[in-house]
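Subject: Structure handover, aromatic rings

Hello,

Here is the structure for you to look at. Please open it first, then read my notes below.

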Amino acid sequence: MLILGIETSCDDTAAAVLDSGTILSNVLSSQDEIHTQFGGVVPELASRTHLQSIYPVVTEALDRSGYSLADIDLISVTQGPGLIGSLLVGFSFAKSLSLVSGIPLVGVDHMAGHILSVFLEEKKPSFPFIALVVSGGTSSLYLAADFTTFSLLGRTRDDAAGEAFDKVAKLLHLPYPGGPQISDKALSGNCDSIKFPRAWLDSGSLDFSFSGLKTSVMNHCNREKQQGRELEVEDICASFQEAVVDVLTEKTVYAAQKQNVNTIVLGGGVSSNQRLRKRFEKKCLENNISFFVPSPVYCTDNGAMIALAGYYKYCTFGKMSLSEDVYSRSQLG
Ligand code: KG4
């Protein structure tokens with residue numbers, strides 16, 4: 001089965017062609033250069049840029065796959081969550097393609113794409129597993145029972161992990177997106193130099209909160225400046241990153257133990273963070289848990305994961321009605 005996947009939920013225009021589980025093409029047009037001058041994603045600019053990129057990106061994905069639209073058996077598109085204006089570009093484009101070609105259409109939840117992205121790799125986990133999805137818009141924990149059954153166990157109560165990375169980077173005058181900048185600086189910093197808080201929340205809670213940590217970094221920077229001291233940017237980055245990584249690893253392993261599940265899977269842009277990957281590897285090894293994380297190219301938003309999630313959704317539930325609409329908050333779990 002040939003599947004065309006289309007993703008425009010935030011600031012990346014992406015399309016891919018899969019032959020069942022095998023990737024034939026995966027094309028991405030990033031808008032980072034546009035949004036970096038504003039220190040974050042500007043929704044209207046994102047939608048307008050998707051409008052310009054969608055046709056060339058989808059055409060390139062088809063060309064690179066060696067197939068044409070007439071060969072495609074299924075179109076899969078991100079239905080939500082995300083920025084409504086951005087989602088509407090990909091969703092309307094996919095609907096139009098389906099309408100004129102008669103190819104069935106399926107709308108998928110972006111979170112399902114991130115949870116399943118690890119199946120684009122050679123080494124695949126088996127169900128059930130705990131999935132931690134950490135990106136610019138979410139930090140959520142799911143129990144995945146199969147390819148279409150996900151239960152939400154915990155989620156962010158305020159800033160998502162990636163959002164915290166981006167906001168702290170902005171405080172330190174580092175460009176957007178902040179995650180890669182902070183992890184880069186952290187390499188030459190001391191992660192024990194500043195004791196930033198870890199928000200564990202109520203006992204047993206699997207929710208996350210990163211806004212207090214961000215405020216704590218801001219207070220530290222203001223204090224240092226008031227006392228006329230130069231900011232130790234590398235140390236701040238390393239200490240901040242460690243606080244995020246501590247909470248993400250501890251809560252995810254706790255979720256696995258609580259659910260009696262011995263496999264953990266990561267997904268989302270933040271899961272390309274090297275320190276996070278290393279800490280998970282170590283903690284999972286110590287606790288006899290199998291650990292899976294996609295390569296960085298599949299951690300970030302991409303069309304291949306949407307094609308894959310759509311394939312499984314279509315096999316289980318069939319095609320979507322063309323009267324469906326997009327949504328801004330995840331409907332998963
Ligand atoms: O999943 P994703 O590509 O898309 C959106 O959520 O839009 O995630 C992007 C987020 C950004 O917040 C970015 O700063 C963060 O992932 N990110 C990272 C790293 N690479 C990207 N955060 C920490 N460390 C990284 N290496």
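Start with F147. F147 is partly exposed, because its relative accessible area is 23% and buried would need under 20%. Keep in mind that this is a predicted model.

Now look at its partner. The ring centres of F127 and F147 are 4.8 Å apart. Their planes meet at 75°, so this pair is edge-to-face; the cut-off for that is over 60 degrees.

Where do the two residues sit? F127 is in the loop between α4 (110-116) and β6 (129-134). F147 is in the loop between β7 (139-146) and β8 (149-155). The pair therefore ties together parts that are 20 residues apart in sequence.

F127 has a relative accessibility of 24%, so F127 too counts as partly exposed.

In total, the structure holds ten aromatic pairs. Another of them joins F127 and F129. This one is stacked, with 5.0 Å from centre to centre and 20° between the planes. Is F129 buried or exposed? F129 is buried, at a relative accessible area of 0%.

Ring pairs link F127, F129 and F147 with F119, Y311 and Y312 into a cluster.

One last item is a charge over a ring. K123 lies over the face of F292. The distance to the ring centre is 4.7 Å.

Best wishes

Notes. Residues numbered from 1 in each chain as written. Predicted model: local features only at pLDDT ≥ 70, side-chain atom pairs only at ≥ 80, totals over all residues. Heavy atoms only, no water. Phe/Tyr/Trp six-rings, centres within 6.5 Å; stacked < 30°, edge-to-face > 60°. Buried < 20%, exposed > 50% of the residue type's maximum accessible area, 1.4 Å probe, protein only. Helix = DSSP H or I, 4+ residues; strand = E, 2+ residues; numbered from the N terminus. Lys NZ or Arg CZ within 6 Å of the ring centre and 35° of its normal.
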